[in-house]
Amino acid sequence: MGIISWIILGLLAGAIAKALLPGRDPGGLIGTALIGIAGAFTGGWLSAKFLDRPIQNQFFDLATWGAAIGGSLILLIAYRLLFGNSRD
């Protein structure tokens, strides 16, 4: 997959992570989208490094989507823990 595919995958994974963890995010829509993109890259790296499951070069591979959504969830939770009360 090219970089554009990873960005699109990250945006969609960030939206899915936001739907799974509803609530008020400190960064809003743009912050959630950036977390989704970073989560896709992070999830792919973690999957290849620790689970010995390299990410396929196909956009519609279930493992690729699972890694992207999982990485987005991890980063969204960490972001909320670190900066969750900054908008009060």
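Begin with the whole protein, which is a predicted model: of its contacts with a separation of 6 or more, 75% are made by residues 24 or more positions apart.

Next, select residues 3-20, which form helix H1. This helix of 18 residues reaches 25 Å from its first C-alpha to its last, close to the 26 Å expected at 1.5 Å a residue. Which residues of H1 are buried? Highlight Trp 6, Leu 9, Gly 10, Ala 13, Gly 14 and Ala 17, and look down the axis: these residues lie on the same side of H1 because they cover an arc of only 140° around it. An α-helix has 3.6 residues a turn, so residues three or four places apart point the same way. On the face turned away from that buried side, select the exposed residues Ile 4 and Ala 19.

Finally, move to helix H3, residues 62-83, and select Ser 72, which is buried with a relative accessible area of 0%. Leaving aside neighbours within four places in sequence, Ser 72 is in contact with Ala 13, Gly 14, Ala 17, Ile 35, Gly 36, Gly 39 and Ala 40. The side chain of Ser 72 reaches the backbone oxygen of Ala 68 at 2.9 Å, and a polar atom of that side chain lies 3.3 Å from the backbone oxygen of Gly 36.

How values were computed: Residues are numbered from 1 along each chain as its sequence is written. This is a predicted model: local features need pLDDT of at least 70, side-chain atom pairs count only at pLDDT 80 or more; totals for chains, interfaces and linings use all residues. Side-chain values use heavy atoms; hydrogens and water are left out. Helices (H or I, at least four residues) and strands (E, at least two) are DSSP runs, numbered from the N terminus. The expected span of a helix is 1.5 Å times one less than its number of residues. Buried means under 20% relative accessible area, exposed over 50%, partly exposed in between (1.4 Å probe, protein chains only). The arc is that of the directions from the helix axis to the C-beta atoms. Contact means heavy atoms within 4.5 Å. A polar contact is a pair of N or O atoms within 3.5 Å; within protein, one must be able to donate a hydrogen and the other to accept it, and residues adjacent in sequence count only if both atoms are side-chain atoms.
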